[in-house]
Amino acid sequence: MLCEFAPSSFVATWALLTAIGFSIVMISSSIVFFQYYWTSNVTYEKWKWKTNPKFPSPEKVRDEIVQTAKGIYTATIPPTISIYLAQIGNSKAYCSGNPLTDADHGGAIGVLVQFLLITLVSDFWEWGYHRLGHVYPRFWNFHKHHHVFFNPSPFAVIADEYVDQFFRALPLLLFPMIVPINMDVMFFTYGAFFYMYGIYLHWGYETPWLSAHNPIFNSAYHHYLHHAKAILGKPYHTGFFFKIWDNMVEGGVYPRDKCFCVQCEQKKGKRSPEMFKKVVVPDYSVLLDWRFWTGDGAWSGISASDENAELTAEEKVFASAAKRDTVKKVK
């Protein structure tokens, strides 16, 4: 489908994919954000499952959206190249009218096999590249921009700088160069399935349906922990779907005896109705006011002044230095 509808122009194809990606990202993230962050929708029953009891400022959410916009039009470059190469016969990528009935490529079974392989190999790729950003200073210089969002909302899923997001999307180009892959299946896997799980990881809330103590999957708790506590030299939970990758390496897992997931916090009495009454939920309606988007530094991606309470004093100095470097880069 993508190959058939994609224009012959490289730029036009990139623009089409960017428009599709932007629509998926903004609509899906907005729906979840409205249900769990909008003042009128925040209830005690929901809040008691929030990993960080505090809410990010409207300015921080604006920064997430600005960085996400950068991520979207960078992430669509690799699949655009793949489609272009397929059109001129220099790639193993292909499309079909209906992948589920495409008998030449296995039909529904072929789609399932491709989906599972794309998910598994991409998850290893994401973990490996992500870990580099917390082990080596050169990679951290790119990745640290994402960690400005230490208390993420659903808008922070791909709130990355250009280089980081390009390398995260690179499998969309590399995999079809190696093995035959249906671009419709791959784009759906990345644009819909991966992004939906990314929203869950950046949701800011946990659910009893997937305990942080489960042995297989990374939960929203693990990704919040990663945003809040993983800096250079501390590559906690850099995996996306599966825990196995972090379990294989030294320093990949945050000390389990220090777990502060919602279930553990609830047992300590830290999600009580009395605590909820003291919670300040910002007025996010300013996000709908065009003037909020025209102020000084509104499009810098670093306009907020929220502080990360999870870091030690020494780590805060490190994080502040990282932010100063970012400010210098923007200027």
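Helices (H or I, at least four residues) and strands (E, at least two) are DSSP runs here, numbered from the N terminus. An unreviewed UniProt entry puts the feature "transmembrane region" at residues 12-38; UniProt positions follow the numbering used here, feature names are shortened, and annotations may be inferred rather than shown by experiment.

Some ground rules before moving on. This is a predicted model, in which local features need pLDDT of at least 70 and side-chain atom pairs count only at pLDDT 80 or more, while totals for chains, interfaces and linings use all residues. Residues are numbered from 1 along each chain as its sequence is written, and side-chain values use heavy atoms, with hydrogens and water left out.

**Next stop: the charged pairs**

How many salt bridges does a search of the whole structure find? Seven, where a salt bridge is a side-chain nitrogen of Lys or Arg within 4 Å of a carboxyl oxygen of Asp or Glu.

Select Lys-70 and Glu-161 together: they form a salt bridge, with the closest N and O atoms 3.3 Å apart. Lys-70 sits in helix α4 (residues 58-75) and Glu-161 in the loop between α7 (137-143) and α8 (162-169), so this pair ties together parts that are 91 residues apart in sequence. Buried means under 20% relative accessible area, exposed over 50%, and partly exposed in between (1.4 Å probe, protein chains only).

Now jump to Glu-45 and Lys-48, a salt bridge whose closest N and O atoms are 3.1 Å apart. Glu-45 is exposed at 51%, whereas Lys-48 is partly exposed at 22%. For Asp-289 and Arg-291, the closest N and O atoms of the salt bridge are 3.0 Å apart; Asp-289 is partly exposed at 25%, and Arg-291 is exposed at 54%.

Then pick Glu-126, Asp-160, Asp-164 and Arg-168 in one go: a network of salt bridges links them.

Four cavities of 30 Å³ or more turn up in the structure. On a 1 Å grid over the protein atoms alone, a cavity is a set of points where a 1.4 Å probe fits but cannot get out, and lining residues have an atom within 4 Å of a point. Points are joined across faces, edges and corners, and a volume is the space filled by probe spheres set on them.

The largest cavity holds about 590 Å³. To find its centre, select Ile-158, Gln-165, Tyr-190, Phe-194 and Tyr-195, the closest to it of the 32 lining residues. Which helix gives the largest share of the lining? That's α10, with seven residues. Helices supplying at least two residues each include α2 (10-36), α6 (107-135) and α10 (183-201).

Colour the lining by class and you get 18 nonpolar, 10 polar and four charged residues. Ala, Val, Leu, Ile, Met, Phe, Trp, Tyr, Cys and Pro count as nonpolar, Asp, Glu, Lys and Arg as charged, and the others, Gly among them, as polar.

Zoom in on His-223 in helix α11 (residues 220-229), buried at 7%. Beyond its neighbours within four places in sequence, His-223 is in contact (heavy atoms within 4.5 Å) with His-130, Leu-201 and His-202.

Finish at His-237, in the loop between α11 and α12 (244-248). His-237 is buried, also at 7% relative accessibility, and its phi is near 50°, a positive value in a residue other than glycine. Most residues other than glycine have a negative phi.

Technical notes:
On a 1 Å grid over the protein atoms alone, a cavity is a set of points where a 1.4 Å probe fits but cannot get out, and a pocket is an open set with protein on both sides within 12 Å along at least five of seven lines; lining residues have an atom within 4 Å of a point.
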